[in-house]
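Subject: Structure handover

Hi,

Here is the structure I promised to pass on to you. Have a look at it first, and then read on for what turned up in it.

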Protein chains: 2
Amino acid sequence: MLALAGYPLGLEFLFLDPSPDACAAALGQHLCADYSDPGALARLCASAQVVTFEFENVPLAVAERVAARLPLHPGPLALRTGQDRLAEKKLFQRLKIPVPPFRPVDRREALDAALEAIGLPALLKTRRLGYDGKGQAVLHQREDLDQAWQAVRGQPSILERKVIFERELSCLAVRAGDGAVRYYQVVENTHRGGILRRSLPRADDPLQRRAEEYTGRVLEALSYVGVLAFEFFVVDGELLGNEIAPRVHNSGHWSIEGAETSQFENHLRAITGLPLGNTATRSVCAMFNCIDEAPPLAALAALAGVHPHLYGKLPKPGRKLGHITVTAADPAELEQRLTNLKAVAPELFP
Amino acid sequence: MLALAGYPLGLEFLFLDPSPDACAAALGQHLCADYSDPGALARLCASAQVVTFEFENVPLAVAERVAARLPLHPGPLALRTGQDRLAEKKLFQRLKIPVPPFRPVDRREALDAALEAIGLPALLKTRRLGYDGKGQAVLHQREDLDQAWQAVRGQPSILERKVIFERELSCLAVRAGDGAVRYYQVVENTHRGGILRRSLPRADDPLQRRAEEYTGRVLEALSYVGVLAFEFFVVDGELLGNEIAPRVHNSGHWSIEGAETSQFENHLRAITGLPLGNTATRSVCAMFNCIDEAPPLAALAALAGVHPHLYGKLPKPGRKLGHITVTAADPAELEQRLTNLKAVAPELFP
């Protein structure tokens, strides 16, 4: 989606992706190699003028090597922070952004004391390499401790209070190299099985301003360049910082049709030094992920305002195979269009 | 732009283009060969499930060979008609679509009699291989006859009354294999030096219904599948048929941002057998072509509602290097945004 947004800006793309099936491969040169492959990195650095990533589990050492040779946006500091739940939470605390109670847990023995401090229910999450609900365990009772520790395979983790939230919100923002920042409408997200299912951009959300304030602090602190997503829980009408994604984010996919400048185009503008684009919303809209399978394309294509985006990936349990954005002129029309969509693809609805 | 619209639909692309610099090459497999190269055609036919063209000077014989092996949309009949100004005009006449007076001119000797019948001023146009004002000559006086005949290099031509038009309109439409048709808002076009400069989609144009009627007749007559553009002159408030383009068309580029489904996506939907998408307009908008040179990208990117589309082509006199679409919520905002654009890129304005 970055490449699709970038060609009209006159950009060219080279992708480093270890998967031979990389869906970006059709849209530019594909270096099919491990992220740390020295030859591939040398070629990447020799060809590119600027480098970015859209997957935050790129090894930090690779990012640092690239950043030593040419502009990497976002930079290693943002990547390091986004890769480590503990570093994230500490950053939020330092920036006076409220977070659910948490404790670092490096050893099994530390888990009991952490649980004592945090209380039940709680979530044990690996500090690193977790996404889409992977590397997590819920603790409902003391007896779940051993099983949870096994679930995270004894890796350095954090134990965190499982908050009862009213809503999950994300704030997408883009920051340019000169410090200019633009925010998108906050998005209300619904997950199932740890995977994002639906995103609803919210006009005039009472928490818009607060979300921007918190997100702005993070962008500043990380000297961030590019698009960042900040995910929040809403508890008692207030935001609690959950995590950041230092990249274009699934909860911003609606912006392709729904905003004047998509998150993809704005990320590219930021990292190539162009002025940022208008983030104003163009349509009322809703975004749904296609998990495991995508609804029949012909059924979707028959519906007004329904925009399918298939990723050309082979189906695999839990895999995001595409997303669908529904646009409308007003909330009533959106409601009608969602009803039409639900009739042909009820499985999309969380 | 077809490929950019097609990837989200899960399509894959192979391009046959004789130019080594083909700008589509970055977006799929590029067969760099002459259109009539037997090996390239064999590979194209072996790989593709459906074939289309976005340039109507593909040799008809090639189209016929492809169509004998797999679905080609639009088909050879549409291509043959679109390639020949005389066939076009005769089709319009047969369909009771008014046209400016014209006469076929195959030999120099026929020119005098034709001019007698048509009157001055007149246009002499080659029947084939004309586009962007190439292969045309204006006759203001009898004495221009020889020079005009030289300008068309003695090729089979038509002599046509040069009408004094109030406006130039085009009607973009898409027809599916099952006969379903959708029309976009008619577009008011401005040419300079025979090249399209500006397109303004018109809400509630008094000629919308008539334009649809005429375009629908052509689509039916040609058993057309895909997007077609029909260009008209407006004289005394009535439409005169000028020419058709059997392909996605420059005057429909605004639809990428401005319509719910772009002309590119709708062309792909039609030729792949998907239901057609909604052609409703999403924004007030205007489209400008970048001829000879493109304005500095950074200056464009700084303007709200301004969407640059660069084609990655090397500059050449008269070449279209890109286009710019300006979107807005209402006509007043569009006016303001056009004023802003004019301040940084006055050369775009006709």
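Please keep in mind that this is a predicted model. As general background, nonpolar side chains in soluble globular proteins tend to be buried together.

If you click on A:L159, what will you find around it? Setting aside neighbours within four places in sequence, A:L159 is in contact with A:F102, A:R103, A:V105, A:L111, A:A114, A:L115, A:I118, A:A122 and A:L124.

Next, the helices of chain A. Helix 3 (residues 60–69) and helix 4 of chain A have axes that come within 9 Å and cross at roughly 170°. With that angle, helix 3 of chain A is roughly antiparallel to helix 4 of chain A. On the helix 3 side, the contact is made by A:L60, A:A63, A:E64 and A:A67, which meet A:P76, A:L79, A:R80 and A:Q83 of helix 4. Five of the residues in this contact are nonpolar, one is polar and two are charged.

Helix 4 (residues 76–83) of chain A also packs with helix 5 (residues 85–94) of chain A: their axes come within 5 Å and cross at roughly 105°. These two helices are therefore roughly perpendicular to each other. Here A:R80, A:T81 and A:G82 from helix 4 meet A:A87, A:E88 and A:L91 from helix 5. The residues of this contact split into two nonpolar, two polar and two charged.

Over in chain B, helix 5 (residues 85–94) has the buried residues B:R85, B:E88, B:K89, B:L91 and B:F92. They lie on the same side of helix 5 of chain B, because they cover an arc of only 160° around the axis. Among the elements of chain B that cover these buried residues are helix 4 (76–82), strand 3 (102–105), strand 4 (122–126) and helix 8 (208–221). After helix 5 of chain B comes B:K96, with a positive phi near 60°.

Finally, how many residues does each chain bring to the contact between chains A and B? Chain B gives 27 residues and chain A gives 27 residues. On the chain B side, helix 11 (297–301) and strand 14 (306–310) each supply at least two residues. That side of chain B consists of 15 nonpolar, eight polar and four charged residues.

Notes
Residues numbered from 1 in each chain as written. Chains lettered and ligands numbered in written order. Predicted model: local features only at pLDDT ≥ 70, side-chain atom pairs only at ≥ 80, totals over all residues. Buried ≥ 20, exposed ≤ 12 C-beta atoms within 10 Å, placed from the backbone. Helix = DSSP H or I, 4+ residues; strand = E, 2+ residues; numbered from the N terminus. Arc of directions from axis to C-beta. Contact = placed C-beta atoms within 7 Å. Axes fitted to C-alpha atoms, helices over the stretch in contact; angles between N-to-C directions. Parallel < 35°, antiparallel > 145°, perpendicular 65-115°, else oblique. Nonpolar A, V, L, I, M, F, W, Y, C, P; charged D, E, K, R; others polar.
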